[in-house]
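Please read it alongside the sequence and the structure shown below.

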Amino acid sequence: MNSFSARKLAASAKKVKADLVIKNGKIIDVFNGEIIEEDIAIQDGIIIGIGQYEGEKVIDANGKYISPGFIDGHVHIESAMVTPQQFSQVVVPHGVTTVIADPHEIANVSGTAGIQFMIDSAKNLPLNTFFMLPSCVPATPFENAGATLSAADLRGFYQEQSVLGLAEVMDFPSVFHQEEMMMEKLSDAHQLRKKIDGHAAGITGDALNVYAAAGIKTDHECVTPEEAYERLKRGMYVMLREGSAARDVKALLPAITERNARRCLFVTDDKHLDDLIVEGSIDYNISLSIENGLDVITAYQMATLHAAECFGLPTKGAIAPGYDADIVFLDDLQSVKVNQVFIKGELIAEEGHCVHSSYQAEAIPPSLLDTIHINEISLEDVQISCPKDATANIIEIIPNKIITKHVMEKVDSKDGQFQPSVIKDQLKMAVIERHSSTGNIGLGIVKGFGLTSGAIASTVAHDSHNIIALGTNDQELLKAIEAIKAMGGGLVVIKGNEVIASLPLEISGLMTTASFIKINENLKEIDRALFEIGFSGDFNPFLTLSFLALPVIPELKLTDLGLFQVKDFKHIEVIQ
C-alpha cells in the first residue's frame, strides 16, 4: 500500500485528523435521495468519510445545503466564444465542476490542431474538462469546411487521459448504410471501450434501433416526451438541453418518472457567453426543472450522479467516501443559489466569482490565428440575377428556433438584379467559403430579421464556420465581409458603411483570448449597434444567423455552394 492511500485510510479510520472537515451542512445524498446532516472529511482532495470527524482545517457550512459538483454532459466550449481557461472562470461560480466537451466547432475550422489546442488549454485548470472526439468533420458533403477528419486522424487522441470517447454522431445515414469511414470510427471507440454520443434529431422506430445497436448511447436532440421515451426504451441516456438557441428542458420534463430518471441528465450544448453569465449553466437547468414540477432531489441527481454514471466517471457525482471533493454550497435548493464551489477540496469560487488565481497565459498555435482565406470580393460577386416580377425561394426564420420555413414570394428587381427590401423584410444573405480560397459564395434571400439598415456578418456559422453575412443593401453587405477579413474573424455590425460594433474572434474565427468580462462588454455594444440598424426582435440575430448555414436542419439553409433544401438534400435555385 502506498503512502498516499495509507494517509487517506488513516484519516478515514480517525487515526489522524483529516486535512479538511466540513461541518453543519445539509448534504444531498444522491444515492438515497434525501438530505442528511453529517460531517464531510476530506484528505488529499478526496472524500474519505461521512459522519463525525476532526480536521486540521474546519469549514462551518452554517446550515447551507451541500451538493456534489454539477456536471455538464455535453457542451461546445467554443460557442461561448472564450478559451477553456475563461470558460472555467464563467461556469465554475455557477457550481459546474465537470464538463464533457466536444471540440466539434474548432475541428471544422482547424482540424486536429484545433482539437489539440482545446485539450492542452484545458489541462491544469480547476474545472474538470473531459473530451469526446468530433465524429463528423465535415458535418455534410454539401458545404466546404476547413478540415476532414478520418478515424486515423482521431485515433491518437484516445491516448489523452481526458478523452472519453466519440462525440455526437450526427451523420445517421452513414451509420444506417454502414459506410466505411463511419464504421471505422465506431469500431475504434468500441475496441477501446470508449463512450459514443448521439445526435438523433428526428430519428424514430427502426432507424433508432440501428442507432442504438451501433453502441450510440446518448441523445441531446429530443424535443418531445415521446422522443425521449423512445430513446429510454432502447437503453439510451436522454440529455435535457437548455442552450441559447435550443431550449428543450420544459418540453421533455413530462417524460421523466421516478423509474427512468436515472437515465436522464442535463446539458447546455451551445450556450453563449452572455446567457451563461445572466442565466447560468447547469444550475439553470436544475432550477428551471424544479420550477416546472420536477422533484427537487431528482433534479440534483440528474445534474450530478446520473451524468457521472453516463460517462463512466466513478469518482464524480456524489458526496461519499472515495469520491472527489467537488462540492457546491447552496443558499437555497429550489433556486439553486450557489454560494461556494470547491474542486478537489479547494475553494475555487465564492459568491459568483472565481477566487482561484493560477490561470496562465495560453499559447495559441499560429495556424489557429490565420483562418480567413478568401479572394477579393466585388459588388458583382454578391448580386443575384433576378428578372422583373420574379418569385423567389426565401428562408424565413422562426425566432428562437434553428429550423426555418421555406416560403415563396415576389421580390424586387432593378437592372436584372435582386433588390433587398426592408419594407417586405427581404434581405440578402451570403455564405463565403473562408478556409481554402475556393471563391465559393452562396447567395440567398432571408426574412424575419427586421433590419431597416446596415449589415451584419460573422465567422460563427455552424458547422463549417464560413463567413456568413446579412445585409439591407449590397454595399454594406460587402463592407461587413471586408471587416470580418480585416479582423481575422469575429462578429461585426455595419451602418452607413462604417463598423459601429465588433467582436474580434482571432482563434479560428470562433474564440478570443480576451477576458470574459471584456467579451461581455463587446456583446452589449453589439446589442446597442443592432438596435441602431433597426433590430427589435426578441431573439439573438447573430445566434439565429449562425444556424442558417447548417444543412442538416429543415427547411431551407444556405451553404457556400448555394441555397439548400434539406427535405430533398439538394441545392435549389434562389429565383424561380
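Helices (H or I, at least four residues) and strands (E, at least two) are taken as DSSP runs and numbered from the N terminus. The model is a predicted one, in which local features need pLDDT of at least 70 and side-chain atom pairs count only at pLDDT 80 or more, whereas totals for chains, interfaces and linings use all residues. Residues are numbered from 1 along each chain as its sequence is written, and side-chain values use heavy atoms, with hydrogens and water left out.

**Backbone**

Asn-497, placed in the loop between β28 (490-495) and β29 (498-504), has a positive phi near 70° although it is a residue other than glycine. Its relative accessible area of 39% makes Asn-497 partly exposed, a class that lies between buried (under 20%) and exposed (over 50%), computed with a 1.4 Å probe on protein chains only. Asp-415, likewise not a glycine, has a positive phi of about 55°; Asp-415 is found in the loop between β22 (412-414) and β23 (417-419) and counts as exposed at 72% relative accessibility.

A cis peptide bond joins Val-137 and Pro-138, with omega of about 0°, and Pro-138 belongs to the loop between β10 and α4 (151-155). Another cis peptide bond, with omega of about -5°, joins Pro-554 and Glu-555, the latter in the loop between α16 (541-546) and β30 (556-559).

**Pockets**

A pocket is an open set of points on a 1 Å grid over the protein atoms alone, where a 1.4 Å probe fits, with protein on both sides within 12 Å along at least five of seven lines; lining residues have an atom within 4 Å of a point. Points are joined across faces, edges and corners, and a volume is the space filled by probe spheres set on them.

| Pocket | Volume | Element giving most to the lining |
|---|---|---|
| Largest | about 1200 Å³ | α6, 4 residues |

By class its lining has 26 nonpolar, 8 polar and 10 charged residues, where Ala, Val, Leu, Ile, Met, Phe, Trp, Tyr, Cys and Pro count as nonpolar, Asp, Glu, Lys and Arg as charged, and the others, Gly among them, as polar.

The second largest pocket is lined by 20 residues, with Leu-127, Asn-128, Thr-129, Phe-130 and Lys-344 nearest its centre.
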